[in-house]
Amino acid sequence: SSMGIVEIRVKSFLKEESSEETPVTPRVGIIMGSDSDLPVMQEAAKVLNEFDVPAEVRIVSAHRTPELMFSYATSARERGIQVIIAGAGGAAHLPGMVAALTPLPVIGVPVRASTLDGLDSLLSIVQMPRGVPVATVAINNATNAGLLAVKMLGVADTALQARSLFKFMWIFPSKQKHDFLELF
Ligand code: RP5
């Protein structure tokens with residue numbers, strides 16, 4: 001019986017160890033050109049937190065830290081990131097540049113940051129050339145970027161799709177609502 005106690009102690013020790021040492025792999029990368037974008041971009045993090053989707057938040061600038069942008073974009077997929085949300089203002093090249101460097105879907109958030117009321121950011125992000133898509137949300141609407149990321153991940157994650165159902169329910173046609181509820 002003393003062996004039994006030792007085993008239990010070892011197990012609980014290992015459990016504590018592993019819960020401290022195993023960091024959760026982020027599924028969504030939230031990046032932005034400047035810390036001045038944070039008040040807008042944190043809304044995306046809030047949404048992901050609401051749905052228990054692990055996310056990381058990083059300042060990565062296409063213009064000020066181009067090498068960091070390159071290494072972030074080219075390593076994101078192999079680190080386990082599945083969707084990238086990129087916010088930037090002014091000459092907002094970050095989402096498009098990142099989209100050119102990764103197979104992951106990129107959601108762009110135009111941040112209102114200059115004298116042009118965010119129209120500059122919107123056009124910089126939305127007017128991508130054919131072949132390099134960026135899913136662009138409305139100016140300053142990082143909430144929608146978070147919700148869109150949840151929907152994208154939900155395609156291959158029915159548990160997450162089910163959790164998101166109630167958030168989106170009010171816009172579903174009633175037949176679809178019925179089918180969905182049957183499913184879970
Ligand atoms: C962009 O320029 C950033 O995304 C930010 O929206 C804007 C202003 O940046 P700061 O000068 O406030 O750092 O690169």
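**Strand pairing, core and ligand shell**

In strand β3 of this predicted model, Gly 87 is the bridge partner of Met 32.

Taken together, the strands form an open sheet of five, with parallel pairing and the order β2-β1-β3-β4-β5. Strands β2 and β5, the latter formed by residues 135-136, lie at the edges of this sheet, since each of them pairs on one side only. The chain as a whole holds eight helices and five strands, and these follow one another from the N terminus as α-β-α-β-α-β-α-β-α-β-α-α-α.

Of the 184 residues in the chain, 32% count as buried. Among the contacts between residues at least 6 apart in sequence, 67% join residues that are at least 24 apart. The largest nonpolar core comprises 43 residues, and Val 28, Ile 84, Ile 85, Leu 94, Val 98 and Ala 149 are those with the most contacts inside it. Two or more residues of this core come from each of the elements β1, α2, α3 (66-75), β3 (83-89), α4 (94-99), β4 (106-111), α5 (119-126) and α6 (142-154). The greatest contribution is that of helix α6, which gives six residues to the core. For Val 98, when its neighbours within four places in sequence are left aside, the contacts are with Met 69, Ala 73, Ile 84, Ala 86 and Val 106.

The residues around the ligand are Met 32, Gly 33, Ser 34, Ser 36 and Asp 37, together with Ser 61, Ala 88, Gly 89, Gly 90, Val 111 and Ala 113. Sorted by class, this shell consists of four nonpolar residues, six polar residues and one charged residue. Met 32, a member of the shell, is also the residue whose bridge partner in β3 is Gly 87.

Key: Residues numbered from 1 in each chain as written. Predicted model: local features only at pLDDT ≥ 70, side-chain atom pairs only at ≥ 80, totals over all residues. Helix = DSSP H or I, 4+ residues; strand = E, 2+ residues; numbered from the N terminus. Buried ≥ 20, exposed ≤ 12 C-beta atoms within 10 Å, placed from the backbone. Contact = placed C-beta atoms within 7 Å. Near = placed C-beta within 6 Å. Nonpolar A, V, L, I, M, F, W, Y, C, P; charged D, E, K, R; others polar. Core = buried A, V, L, I, M, F, W, Y, C linked by C-beta atoms within 7 Å. Pairing = 2+ DSSP bridges.
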